[in-house]
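Let's take a friendly walk through a protein structure together. Have the sequence and the 3D view ready.

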Amino acid sequence: MDADDVDFAHTDQASRRRREKALALARFAWDRGITGAELLELPDDRLRKLARAAGTNPPSTHETWTVAAELIDEKDRWAAAHHGDPRAVRPHTDEKIMWVKPPIAPWS
């Protein structure tokens, strides 16, 4: 196989690293009460800041963010089913406003 024929972005190793990064991003976001949908709606500049705050380099593709959002949704379902478990508690929800701004109510 010629090196020009290899899709390095979709090798087993790349998939494993993408999942590891997505897991770190999902943990960070979930701890702060950010939902999968909210994560995917964040602008690119805020996603880059979130990745750095999570201790990872920002992903080069949106694919990693999509995996992270799916992991957050999975954890949400698990937490709803295990609400008494200490692992179902989000420890940093007070920091959500740093990442996801609430909608501004219009003046009446």
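The text below goes from the whole chain to a few single residues.

This is a predicted model, in which local features need a pLDDT of at least 70, side-chain atom pairs count only at pLDDT 80 or more, and totals for chains, interfaces and linings use all residues. Residues are numbered from 1 along each chain as its sequence is written, and side-chain values use heavy atoms, with hydrogens and water left out.

**The whole chain**

Start with the secondary structure: the chain has four helices and zero strands. Here helices (H or I, at least four residues) and strands (E, at least two) are DSSP runs, numbered from the N terminus. Along the sequence this gives the pattern α-α-α-α. The chain is more spread out than a compact globule, because its radius of gyration is 16 Å, well over the 13 Å that the globule rule gives for 108 residues. The radius is taken over C-alpha atoms, and the rule is 2.2 Å times the number of residues to the power 0.38. Along the principal axes, the C-alpha atoms fill a box of roughly 65 × 40 × 20 Å.

How much of the chain is buried? Of its 108 residues, 28% count as buried. Buried means under 20% relative accessible area, exposed means over 50%, and partly exposed is in between (1.4 Å probe, protein chains only). The accessible surface of the chain comes to about 7600 Å², and 53% of it belongs to carbon and sulfur atoms. Such areas come from the Shrake-Rupley method with a 1.4 Å probe; for residues, only the protein chains shown count as cover.

Contacts tell us about the fold too. A contact means heavy atoms within 4.5 Å. Among contacts between residues at least 6 apart in sequence, 74% join residues at least 24 apart.

**An aromatic pair**

How many aromatic pairs does a search of the whole structure find? It finds one. F28 and W99 form this edge-to-face pair, at 5.9 Å centre to centre and with 80 degrees between the planes. Rings of Phe, Tyr and Trp (its six-membered ring) pair if their centres lie within 6.5 Å; planes under 30 degrees apart count as stacked, over 60 as edge-to-face and the rest as tilted. The pair links distant parts of the chain, with F28 in helix α1 (residues 12–31) and W99 in the segment after α4 (62–81), 71 residues apart.

The table lists single residues with their relative accessibility.

| Residue | Relative accessibility | Class |
|---|---|---|
| F28 | 12% | buried |
| W99 | 7% | buried |
| T56 | 15% | buried |
| G36 | 1% | buried |
| E70 | 47% | partly exposed |
| R52 | 53% | exposed |

Now find some of these residues in your view. G36 is in helix α2 (residues 36–41). Leaving aside neighbours within four places in sequence, G36 is in contact with A69, I72 and D73. G36 and I72 are 36 residues apart in sequence and 5.4 Å apart in space, C-alpha to C-alpha.

T56 sits in the loop between α3 and α4. Which residues does T56 touch, not counting those up to four places away in sequence? They are K21, A24, L25 and A51.

R52 belongs to helix α3 (residues 44–53). Between R52 and D12 there are 40 residues in sequence and 25 Å in space, C-alpha to C-alpha. E70 lies in helix α4. E70 and L47 are 23 residues apart in sequence and 16 Å apart in space, again from C-alpha to C-alpha.
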